[in-house]
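Visitor: I've got a chain pair to look at and a few questions. Could you walk me through it?

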Amino acid sequence: MAAGETVRKKWPNLDVNVLLTMLIDELTQVNKKLDSMVELNGKMLKTQEEFLQRIANQSYRREIIKLEPDAMTLLFLPRSLRKTVMALYKLKEATAEDLARETNRLRAVESASANQLVRMGYLKKKREGRRVYFYIE
Amino acid sequence: MKGKVISIHSSRGGTGKTVIATNLAVTYANKGLNIALLDLDFRAPSLITVFSKGIGGPVKHWLNDFMNGQCTIEQALINVSEEYNLRGRLLIGLANPAIEAIQNMIGKSRAWEVTAVKKLFSLRSTLSNDMDIDRCIFDTSPGIQYSSINAVISSDVSIIVTTLDSLDVKGVQRMLAEFYDAFEKRTVVLMNKVFPQTRIWSNGRQKELISQMEKALKHPIIGVIPCYCDVLQAERASLLAIEKLGHPFLRNLEEVAEKLEHIE
């Protein structure tokens, strides 16, 4: 037996047109809710993506936590990074080459160490012509 | 080395750090060197008392003001050489003993401490190039705290003053292993207040003691100064290098000063 006949037998006075209208209304409201859920989910994904992007380029961390290379903090840094900060205390601002002269290490080592400290938020760097200077803010 | 910066430090108080710092400064100045002696113990300032006779009037600028960027180092230093009739110039930088000043220095931020250590690092060139200073001595606060570690890391040589007391020795051992070695500073240990009546002196075991201590601390011992009763009895604020010329304590200190000259 078809579903329509069962309904008609059970509720002989039921107007099928009214029932359909009610169903369409219900479906329209469900659709609206689904649309807003999809929109909200899209917004959440976008925010999450932006957040991950900011963490990836370190800007977020620098905005909320200002890292200071004070003497106590230096104690907990790896030896090679600590040496670079100590040299910068003395030189104020320096290129990787200046740092290498001060620490008696290779320029490449100082460049890697200083850039790592920049990524960690302890140092800043600026470009002047072809030279890159590292400094403690 | 012109403008060499020497920090005097200890693991605990009462080892004779300030007596060593002040008398070493006067010993150098007596030899004709130009000296700057800075009180970096902002929590318990003492140079103001030691040099009270030589200051000659109210202090216009404290070392605190220099550290806070409120005056230059030239303004914060007081020349006391004439008062003590010294051959060289002795300039002293005093920490402010007022409670508000101490409170102010205790509550500093980490950002301020970074500026402070940078200031101390740049002192060497200002003192030696602009003020013709031969040696700068930092009298620090005991233990590991910002004011002392800033002084230690910005100096060329550190002298850790210790007694033979096991608390002192253990404290120095820990400080050397956990702090000094991390910064790879040139460090020597000065043993002070060693009782002369002990078997160390009577049996001529001084060399043995030095070698044992060097082995335990893994750093050179620059000198062993006996405990002189009259030094202990004298006011800690008295200046032996002025008041008791020829005292054996000063001869010990001269030997230390001589050895320091060979440390680059």
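Visitor: How many residues does the contact take from chain A and from chain B?
Guide: This is a predicted model, where local features need pLDDT of at least 70, side-chain atom pairs count only at pLDDT 80 or more, and totals for chains, interfaces and linings use all residues. Residues are numbered from 1 along each chain as written, with chains lettered from A and ligands numbered from 1 in written order. Counting two residues as touching if their C-beta atoms, placed from the backbone, lie within 7 Å, the contact takes ten residues from chain A and 14 residues from chain B.

Visitor: Which helix gives the most to chain A's side?
Guide: Helices here are DSSP runs (H or I, at least four residues), numbered from the N terminus. Helix 4 (71–75) and helix 5 of chain A each supply at least two residues to that side. With four residues, the top giver is helix 5 of chain A.

Visitor: How are helix 5 and helix 7 of chain A oriented, parallel or perpendicular?
Guide: Their axes, lines fitted to C-alpha atoms over the stretch in contact, with angles from 0 to 180 degrees between N-to-C directions, come within 9 Å and cross at roughly 90°. Angles of 65 to 115 degrees count as roughly perpendicular. So helix 5 of chain A is, relative to helix 7 of chain A, roughly perpendicular.

Visitor: Which residue in strand 3 of chain A stands opposite A94(A)?
Guide: Strands are DSSP runs too (E, at least two residues), and two of them pair if DSSP finds at least two bridges between them. Strand 1 and strand 3 (residues 131–135) of chain A run antiparallel, joined by two bridges. Opposite A94(A) stands F134(A).

Key: Angles under 35 degrees count as roughly parallel, over 145 as roughly antiparallel, 65 to 115 as roughly perpendicular and the rest as oblique.
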